[in-house]
Amino acid sequence: MEQRTDVTGADGVSLAAWEFTGPPERREDATGVLLLHGLMGRASHWAPTGRWLAERHRAVALDQRGHGSSGKPSDGPFVREAYVSDAEAAIEQLTLGPVTLVGHAMGALTAWQLAAKRPDLVRALIICDMRASALGAASQREWEDWFRTWPVPFPTLDAVRKWFSEEDAWLERPTPARGDFFAEVMEQREDGWRAVFSRRQMLKTRETWVYDAHWEELAQVQCPTLVVRGLDGELGRAEAQEMVRVLPRGEYAEVEDAGHLAHYARPEAWRAAVEPFLNGVLTR
């Protein structure tokens with residue numbers, strides 16, 4: 001079970017945070033873990049991870065601005081600084097620090113930028129499938145084109161699952177978990193099912209990191225950090241291992257038979273990959 005708490009982020013935006021309920025015998029001084037989803041994601045995508053973490057730790061997942069149940073200000077801002085400040089505000093207002101940050105994709109970038117900015121707030125860090133290199137203008141144009149292919153509104157949730165798992169031209173092969181992932185970020189409206197987020201805002205958010213490399217901030221992260229990739233994900237092995245080399249206290253792990261959504265599509269394999277690291281840093 002999860003309990004919602006509202007947090008006030010940068011510029012007064014309302015953010016929904018979800019704390020996973022732990023067992024009665026969990027220690028009152030349990031260490032905090034903040035889970036940050038990727039672009040187009042939401043806190044609920046962390047549910048399997050949050051539930052096992054809550055057995056021993058205080059686990060909270062945040063709906064980031066523009067996503068899930070959090071505020072979606074029409075004019076933003078959707079810059080990197082706002083996302084980082086939102087996570088910082090959540091840690092401080094929920095008294096989670098020093099916290100372990102676990103981030104997927106965009107959430108991982110937010111996590112390591114916050115760890116570089118506020119080392120006093122961050123005990124450890126897990127980066128899941130996020131590149132430190134610049135993706136470039138061509139990548140942003142591809143996303144713009146992709147968003148235009150969405151056949152919205154979808155008539156049913158089953159249609160959502162089918163399109164994102166089988167019919168989307170971006171797919172190399174059927175991926176059922178991808179369909180489930182996107183079904184979680186849809187809501188029913190009068191004309192059918194549409195995303196809870198604005199695709200325009202997602203592009204605006206993405207353009208604030210896609211043109212730049214982020215190696216310098218990565219090198220400033222002083223806490224123990226685990227870089228995790230699915231073997232079929234977007235982060236290649238060579239770049240992941242270079243990220244580990246650049247990190248002052250970096251470690252590396254892989255999730256077999258997984259792609260970009262390793263934590264969501266393969267929750268048990270994901271747990272097996274990250275739990276030894278967490279057990280080490282959270283018991284010191």
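Trainee: What makes E2 and E4 a pair in this predicted model?

Mentor: Two strands pair if at least two bridges are found between them. E2 and E4 have three bridges, in the antiparallel sense, so they meet the cut-off of at least two. One place to look is Glu19, which stands opposite Val60 in E4.

Trainee: And how do you know that E1 and E2 pair?

Mentor: The cut-off is again at least two bridges, and seven bridges join strand E1 (residues 2-8) to E2, so they count as a pair by that rule. They run antiparallel, and Asp6 has Ala16 in E2 as its bridge partner. The two strands form a hairpin with five residues between them. In that turn, Asp11 has a positive phi of about 60°.

Trainee: Why is strand E2 called largely enclosed?

Mentor: Buried means under 20% relative accessible area. Five of the seven residues of E2 (residues 14-20) are buried, so the strand is largely enclosed by the rest of the structure.

Trainee: What is the strand order of the open sheet?

Mentor: The order is E1-E2-E4-E3-E5-E6-E9-E10, eight strands with mixed pairing.

Trainee: What makes E1 and E10 edge strands?

Mentor: Each of them, E1 and strand E10 (250-255), pairs on one side only. Across the sheet, the twist averages 20° from one strand to the next.

Trainee: Which strands run parallel, with four bridges joining them?

Mentor: Strand E6 (residues 122-128) and strand E9 (residues 225-230) do. Within that pairing, Ile127 has Val227 of E9 as its bridge partner.

Trainee: Which helices should I look for on these strands?

Mentor: Helix H3 (residues 106-117) packs on the sheet, touching strand E3 (32-36), strand E5 (99-104) and E6. The direction of H3 makes about 150° with that of E6. Helix H9 (residues 237-246) lies across E6, E9 and E10, and runs at about 155° to E10.

Trainee: How do you know that the contact of Arg65 and Asp86 is a salt bridge?

Mentor: The rule asks for a side-chain nitrogen of Lys or Arg within 4 Å of a carboxyl oxygen of Asp or Glu. For Arg65 and Asp86 the N to O distance is 2.6 Å, so the pair qualifies.

Trainee: Why is H2 itself called mostly covered?

Mentor: Ten of its 14 residues are buried, each having under 20% relative accessible area. Among them are Arg80, Tyr83, Asp86 and Ile91. As for its length, H2 reaches 20 Å from its first C-alpha to its last, close to the 20 Å expected at 1.5 Å a residue. After H2 comes Thr95, whose phi is positive, near 50°.

Trainee: Why are Lys162 and Glu166 called partly exposed?

Mentor: Partly exposed covers what lies between buried, under 20%, and exposed, over 50%. Lys162 has 40% relative accessibility, so it counts as partly exposed, and Glu166, at 48%, counts as partly exposed too. These two residues form a salt bridge, with their closest N and O atoms 3.1 Å apart. Both lie in helix H5 (residues 157-167), four residues apart, about one turn of the helix. In general, an α-helix has 3.6 residues a turn, so residues three or four places apart point the same way.

Trainee: What makes Arg178 and Asp168 a salt bridge?

Mentor: Their closest N and O atoms are 2.9 Å apart, so they fall within the 4 Å limit. The pair links distant parts of the chain: Arg178 is in helix H6 (residues 176-183) and Asp168 in the loop between H5 and H6, ten residues apart. Both are buried. The structure holds 21 salt bridges.

Trainee: Which residues have the most contacts inside the largest nonpolar core?

Mentor: Leu34, Met40, Trp112 and Trp150 do, in a core of 66 residues. H3 gives the most to this core, with eight residues. Apart from it lies another core of 28 residues, including Trp52 and Leu278.

Technical notes
Residues are numbered from 1 along each chain as its sequence is written. This is a predicted model: local features need pLDDT of at least 70, side-chain atom pairs count only at pLDDT 80 or more; totals for chains, interfaces and linings use all residues. Side-chain values use heavy atoms; hydrogens and water are left out. Buried means under 20% relative accessible area, exposed over 50%, partly exposed in between (1.4 Å probe, protein chains only). The expected span of a helix is 1.5 Å times one less than its number of residues. Axes are lines fitted to C-alpha atoms, for helices over the stretch in contact, and angles run from 0 to 180 degrees between N-to-C directions. Contact means heavy atoms within 4.5 Å. A nonpolar core is a set of buried Ala, Val, Leu, Ile, Met, Phe, Trp, Tyr and Cys residues joined through side-chain atoms within 4.5 Å.
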